[in-house]
Amino acid sequence: MPAPDLILTGAKVRTLDPALPYATAVAVRDGVIAAIGDESDVRDWRGPGTEVVPLEGAHLVPGLVDAHSHPVWGLDMATGVDLSGVADLAGLRAALAGAERIDGWVLGFGLDHNAFEGRPIDRALVEDAVGGAAAFLRLYDGHSALATGAALAAAGVTGPRDFTQRSEVVCDASGRPTGHLVEHAAMELLTAVMPRPSYTARRARLIELLTAMAATGLTGAHVMDAGDQELVDSVARETVLPVRLRFAPWCMPGVDEAGLEELIALQGRAGRHWQVGGVKFFMDGTVEGGTAWLEHADCHGQGTEAFWPDPEAYAAAVRRLDAAGVSTATHAIGDAAVRHVLDVVAGLGPSARGRHRIEHIETAPDDLLPRFAELGVAASMQPPHTAYTRADGTDEWSRRLGTARAGHAWRLRDLRDAGATVALGSDWPIAHYDVRAVLAAARAPRGAASTRAGLTGLEALEGCTTHAARAAGESGTAGRIAPGHRADLTALTLDPVEAPADELAQAPVRLTVTGGYVAHRER
């Protein structure tokens, strides 16, 4: 074979390829795996320009992938003061009082619903803490926010609005906006007038973020939005993206034929280490926000409506995209939402098998589990989200669902046992992007899911490798260390299969290779 560009030697290689499960050396050429073998092969492989990296017993696995992330859109979402550590209203007020102003605004993100201690979300709780300034605080779920009166005034929001999707400007009995904005269309009223970082600042933050992601072992991310493809392509032309990005632009209620044709035309658009592949839908919102679509109302009497006011319009859009060969990913958290998506895919026929996936699946009854494998629908789940709940059921998520449905929380183990493809991710910035924490949480779920068994070490690894590749329709080129597959590789000091979950979460990353490019090297 031609001399490789890169050889990794002295490793404990777990290929996830049944044809050759283990090895000690890997050769890479032109961004793909050229050869796999042992130390005796290295002398024959190397050429005068080959870089040889001794891994000295590190554990080399296929490149780890976050199957649900927002690394570009998240740059805007994660702007301002980080409120993820706030546990109660007093802590929130203290954090806001000391927050830096951005063009006169107080911006915050990552705010837990539980911080309101059961109170209705209302701007009156925080307005004096920000001195009457315009403030926009994103709740951790990414589907709701709290805006102050000055912020609402800047956007001209003085009362309720009508939307083509399930969104709400929450108002009190007198018609006064409380500042609680539920779902995307309502929040976008404010984001249109909020300060936004410059192109230069966003470019620098994108490179910084992707570099930090690669340092945790990530080589790829399934991006569940359109991102900013012009920004990404510009960066990719000037340097090498440390993490491979696969974008799925949104398809929202009200889309017409021209909009669907535009989504179809975007498919395959690509540059180095990025591409458009798939379309993202929303079938519901969040449990905590009262917008998850449930078969029976939640304990606040909410959750009985779909994000698409006409669920059949969603089905028609999926059918149109499927006929064009486009894969879809649908956000579905509640049991009714999950059931509807499975029913729609079932109506597509056998040709749709393996093309579609469901994101989140936070609660699902027993009868839905085997349908994932029967229909070839991938389950894309985010184990770190379990940390937003509590084992004693006192959190907002559990209280809204009630004991029975909360007992069906994040059924990773059950879906794997039912034969489903289970891809794992973080949903950054909803949870931290560290893929080691994703693997650890998959093995040891927290909060409401802590009473049920997690995945085995091997299954968790497959969730970020072979199953992630399957969910993206990339099994032939990714997810394993095999000749001809992409040279996306992660080397850890600990075995991600055998090491205890808590130790794995802190395991040093020796090397991250994305498309043959060394994106991270332990110093």
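**View 1. The largest nonpolar core has 96 residues.** Leu245, Phe281, Met283, Ile358, Phe372 and Leu424 touch the most other members of this core. A nonpolar core here is a set of buried Ala, Val, Leu, Ile, Met, Phe, Trp, Tyr and Cys residues joined through side-chain atoms within 4.5 Å; buried stands for under 20% relative accessible area, exposed for over 50%, and partly exposed for values in between, with a 1.4 Å probe and protein chains only. Helix H10 (residues 335-346) contributes the most, 7 residues. Helices (H or I, at least four residues) and strands (E, at least two) are DSSP runs, numbered from the N terminus. Please keep in mind that this is a predicted model, in which local features need pLDDT of at least 70 and side-chain atom pairs count only at pLDDT 80 or more, while totals for chains, interfaces and linings use all residues. Residues are numbered from 1 along each chain as its sequence is written, and side-chain values use heavy atoms, with hydrogens and water left out.

**View 2. Here are the contacts of Leu245.** Once neighbours within four places in sequence are set aside, Leu245 is in contact (heavy atoms within 4.5 Å) with Pro71, Val72, Leu210, Ala221, Val223, Val232, His273, Trp274 and Gln275.

**View 3. Strand E15 (residues 218-223) is mostly covered.** Of its 6 residues, 6 are buried. E15 pairs in the parallel sense with strand E8 (residues 64-69) over 4 bridges, where pairing calls for at least two bridges found by DSSP between the strands. Look for Leu64 opposite Leu218 of E15. Strand E16 (residues 244-247) also runs parallel to E15, joined by 4 bridges, and Val223 has Phe247 in E16 as its bridge partner.

**View 4. The largest pocket holds about 690 Å³ of space.** Pockets and cavities are found on a 1 Å grid over the protein atoms alone: a cavity is a set of points where a 1.4 Å probe fits but cannot get out, a pocket is an open set with protein on both sides within 12 Å along at least five of seven lines, and lining residues have an atom within 4 Å of a point. Grid points are joined across faces, edges and corners, and a volume is the space filled by probe spheres set on the points. Of the 33 lining residues, His180, Gly289, Gly290, Gln302 and Arg400 lie nearest the centre of the largest pocket. Strand E13 (168-171), strand E14 (177-182) and helix H12 (396-401) each give two or more residues to this lining, with the largest share, 3 residues, coming from H12. The lining has 8 nonpolar, 14 polar and 11 charged residues; Ala, Val, Leu, Ile, Met, Phe, Trp, Tyr, Cys and Pro count as nonpolar, Asp, Glu, Lys and Arg as charged, and the others, Gly among them, as polar.

**View 5. The second largest pocket has about 490 Å³ of space.** Its lining comprises 21 residues, and Trp73, Asp76, Arg138, Thr191 and Arg196 lie nearest the centre. Helix H5 (184-191) and helix H2 (73-77) each supply at least two lining residues, and H5 gives the most, 4 residues. By class, 10 are nonpolar, 4 polar and 7 charged.

**View 6. The largest cavity has a volume of about 200 Å³.** Closest to its centre, among 22 lining residues, are Asp141, His143, His331, Asp427 and Ile430. H2 and strand E19 (279-282) each supply at least two residues of this lining, which divides into 8 nonpolar, 9 polar and 5 charged.
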